[in-house]
Amino acid sequence: MEWFARWTRTVAGWLVQAGVPEQWSGLISLTLLAAGVLLLLVAGGLVVRGRKKTLPVGGARKPAVVDRPEPAGHDGAEEAPTVAESVTEPLERTTEAGTEGSVQPVPEAAVEGNGPAVVSSETAEPEPLSQEPLETIAADLSPLEVPPLLTRGEAVSGVPDRPAAGGIFDRMRAGLAKTQASLMGRIDALLGSSRTIDDELLEELEEILVTADFGMQTTMDLMAALEKRVAAGEASDPQGLRELLKDEIRRRLRSEAAPLNLQQAEPFVIMVVGVNGVGKTTTIGKLAHQFASQGKKVILGAGDTFRAAAAEQLVVWGERAGVEVIRQESGSDPAAVAYDAVRAAIARKADILILDTAGRLHTKANLMEELKKVRRVLARELSGAPHETLLVVDATTGQNALVQARLFREAVAVSGLALTKLDGTARGGMLVAIGDELALPIRYVGVGEGLEDLRPFDPDLFVEALFERQG
């Protein structure tokens, strides 16, 4: 017990140095020793118990294998038994006496019809597994609902094949939701909080129109017309002013709306221009789909020979619309593509030729000169071509779209506009400004990603969707 006394004195000395009273240090050291011994005993018991659980009852035995005759031609080499050939050890259970290591087979009568059959470890053949549970499970399983795979065109363009649900008005209203909430929401809040039409009300209305990208010039024209009509007694309260504003916007948009006259030439040549990223190729694909759906023969010209995969993207659109695409190698002269395309359209007696062009900044003079060259080639091969130079502008760029339209019109005689991504902006007032200030007709507006969401511009439909009261 010398080690015990030495250990006790050592621990007691540590406790005294730690500030424990000397009369308590001996008792605490004994308590610690007892606790340590107890922990050792518990740990040892757990280890022994765990080892017992890993051993089978009655000691380790080799797994039983069913004796089977060797097949013909067997050369005597040992082969590992397959899963179907090996048999598990017989199901056993201890006797009621509970003698350790004593086991006995379960009687056949005890398991007959109530669970798995017991196989003898010596001579019995294994019974095949029942397939009934698997069949039952398979019958209960409902078939997985797998969504249809994207078509090649959807993977490249990201545009769904199906149009948005609802009619034309519903799609227009949904596309103008952001503009409606921002513009008309603010206007209705202003008019609802006022009882009379005064200078303060008109000033706040003017500010709202400017911030909605109506543009300064268009806003001033609108406000001058409103003030004149109010002075003439056409509106006596704020709600009457709302109707006057609606009427003035409709009048301006009606003067800007002019659908394409596709009958003026055959083939009718549309040259599509615009800066990078505004959606020219997508617009061409949607137009091709709509014209082809009307029974017209359409040919596309892949004149964007510089952007990576631009021609391939147009080919995909052509496949979806069922129309032919004229293209050359990447980096080819766009004017050469224009020549091939117009000659093919004439030879194949096409109704419409739509020519894609490379996106370019309107501030780059050399690139704008290239567009002029394409126009000269088209005019040389077909009188009057291009019959429409359609400028595609992104509505989300706001007043910058107005600048683009002005410079493109000066360079390549733009004759019509297509406004895309109108559903992605809260400043749809630029649609009024761009036509009002430049006197350019708006041919198409894009209010969604669906094929049917690029619509010929209808000013009445646009105004009704914009001014519709919510709730």
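Let me start with Ala225, which counts as buried at 16% relative accessibility. Buried here means under 20% relative accessible area, exposed means over 50%, and partly exposed is in between, with a 1.4 Å probe and protein chains only. Before going on, the provenance: this is a predicted model, where local features need pLDDT of at least 70 and side-chain atom pairs count only at pLDDT 80 or more, while totals for chains, interfaces and linings use all residues. Residues are numbered from 1 along each chain as its sequence is written, and side-chain values use heavy atoms, with hydrogens and water left out.

Ala225 sits in helix H9, residues 216-231. Helices are DSSP runs of H or I with at least four residues, strands are runs of E with at least two, and both are numbered from the N terminus. Leaving aside residues up to four places away in sequence, Ala225 touches Glu248 and Arg252; contact means heavy atoms within 4.5 Å. Between Ala225 and Leu244, 19 residues apart along the chain, the C-alpha separation is 9.1 Å.

Now the whole chain. It has 17 helices and 10 strands. Of its 471 residues, 39% are buried. Among contacts with a separation of 6 or more, 74% are between residues 24 or more positions apart.

Next, helix pairs. How do H7 and H10 pack? H7 (residues 177-192) and H10 (residues 238-256) meet at an angle of about 150°, with axes 9 Å apart. Axes are lines fitted to C-alpha atoms, for helices over the stretch in contact, and angles run from 0 to 180 degrees between N-to-C directions. H7 and H10 are therefore roughly antiparallel; the cut-offs are under 35 degrees for roughly parallel, over 145 for roughly antiparallel, 65 to 115 for roughly perpendicular, and oblique for the rest. On the H7 side the contact uses Met184, Ile187, Asp188, Leu191 and Gly192, and on the H10 side Pro238, Gln239, Leu241, Arg242 and Leu245. By class that is 6 nonpolar, 2 polar and 2 charged. Ala, Val, Leu, Ile, Met, Phe, Trp, Tyr, Cys and Pro count as nonpolar, Asp, Glu, Lys and Arg as charged, and the others, Gly among them, as polar.

The second pair is H15 (residues 399-412) with H16, at about 30° and with axes 9 Å apart. H15 and H16 are therefore roughly parallel. H15 contributes Gln399, Ala401, Leu402, Ala405, Arg406 and Arg409, and H16 contributes Met430, Ala433, Ile434, Glu437 and Leu438. This contact has 7 nonpolar, 1 polar and 3 charged residues.

H17 spans residues 459-467 and is mostly covered, with 7 of its 9 residues buried. Those are Pro459, Leu461, Phe462, Val463, Ala465, Leu466 and Phe467.

Last, the rings. How many aromatic pairs does the structure hold? There is 1. Phe457 and Phe462 are edge-to-face, 5.9 Å centre to centre, with 65° between the planes. Rings of Phe, Tyr and Trp (its six-membered ring) pair if their centres lie within 6.5 Å, and planes under 30 degrees apart count as stacked, over 60 as edge-to-face and the rest as tilted. Phe457 is buried at 9% relative accessible area, and Phe462 is buried at 1%.
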